[in-house]
Amino acid sequence: MRATEKITGNQLGFLIFTFIISTNLLTVPSFMVMFGMQDAWLSALIAPITGVVCILVMIELAKRYPGQTITQYSSKILGKGLGKLVAANYVYYWFVSITTITMQHTGFISTLLLPTSPTLIISLTFLVICGLAARLGIEVIARSTEFLTVLLLVFFIPLLILTIREANFNEIKPILSGGIYPVLRGAVNPAGGFMNQLYILGWLLPYLNQPKAARKASFVALSGITLLSVSIVTLTIMIFGPLTSKLTYSFLSVVQYIGVEGSFERLEAIAVSTWVIGCFVKVSVSMFILSLCVSQLFELRNNRSLIFSLTLLSLVGSVWIFKNNAELLNYLAYTFPLLGFINQSLIPVLLLLIDSIRKKGTRSMVQ
């Protein structure tokens, strides 16, 4: 970690917003409707609870261990042995996350834009660009994200506005016809795997130039993510209804459906642009955090020297971990929410709980 690298509160907010919303744009609505049916928009309102917990837990841990990442202070909380085990677990988890996002990105691009291009080349070029950004450091990534997030919103918000004219409010009726259980099931995927990705604060907060700005920036970002997610899910249901759960890229199908003749005929190009922007930011940040985890696990001084090797390993993982797109979608729908909840919510909460118990016990012994 370089002390000279610093990011502002606004940059932190942009990083969080784009990191999470990038994978919510096109794929998550179908998973939510699969379980929540027409009430999935209510699921999108419940899901951010795990994000709120993540913000409070990570900020409290950062206050107790200023200037350290979660892979560093886990050793102080659990002891060196268990702490190293937690760090090794996060190395594996971040590696799988990068390969998963890369495979999603490659499948999306090869399906829509480059069907005859080798998927390996698409993955390689994408990972090389993200690796270069990660090598430049979190400050450079944060500055570019400020511009890219604004660009993403400029592209995306007009699509939402155009979607409203095709919306059928009857598709979300009857509300709560199956009770609260389907709503809770619909919230499991985004709550377990996506909204709690605010745990990236565990690696980003040491770089924040004003620690007091963390809470405000995080909650503003989460509010924006929630608003956009609810809008996307609701509008998708209003157009496709139950068919949403059968669409791989549900909101892309919405964009293709609302295209009008003339200047606005191929609106999916805009949707593709937002996806590429979001995935670039997400993988760049993930690659930077992975390099931090590896360097801190093995107590290396320079994490940037690892980027090239990690990029090549991620390329291998993107063609090796999942055999096909169906296996990837099955993982995202059923396995990832549980793994995400364990790594992104449960482990940080347990670290805070154990640390609080230890400090309380120490105070009692002193008294």
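Colleague: Which residues lie nearest the centre of the largest pocket?

Modeller: Please keep in mind that this is a predicted model. The largest pocket, with a volume of about 370 Å³, has a lining of 17 residues. Among these lining residues, the ones that lie nearest the centre are G13, F14, A217, V220 and A221.

Colleague: Which element gives the largest share of the lining of the largest pocket?

Modeller: Two or more residues of this lining come from each of the elements α1 (9-24), α8 (138-164) and α11 (214-240). The largest share is seven residues, and the element that gives them is α11.

Colleague: Which residues are the closest to the centre of the second largest pocket?

Modeller: The second largest pocket has a volume of about 290 Å³, and 15 residues line it. Of these, the closest to its centre are A62, K63, P211, K212 and A214.

Colleague: Which element gives the most to the lining of the second largest pocket?

Modeller: Both α4 (49-64) and α11 supply at least two residues of this lining, which divides into nine nonpolar, two polar and four charged residues. With three residues, the element that gives the most to the lining of the second largest pocket is α4.

Notes: Residues numbered from 1 in each chain as written. Predicted model: local features only at pLDDT ≥ 70, side-chain atom pairs only at ≥ 80, totals over all residues. Heavy atoms only, no water. 1 Å grid on protein atoms, 1.4 Å probe; cavity = no way out; pocket = protein on both sides within 12 Å on 5 of 7 lines; lining within 4 Å. Points joined across faces, edges and corners; volume = space filled by probe spheres on them. Helix = DSSP H or I, 4+ residues; strand = E, 2+ residues; numbered from the N terminus. Nonpolar A, V, L, I, M, F, W, Y, C, P; charged D, E, K, R; others polar.
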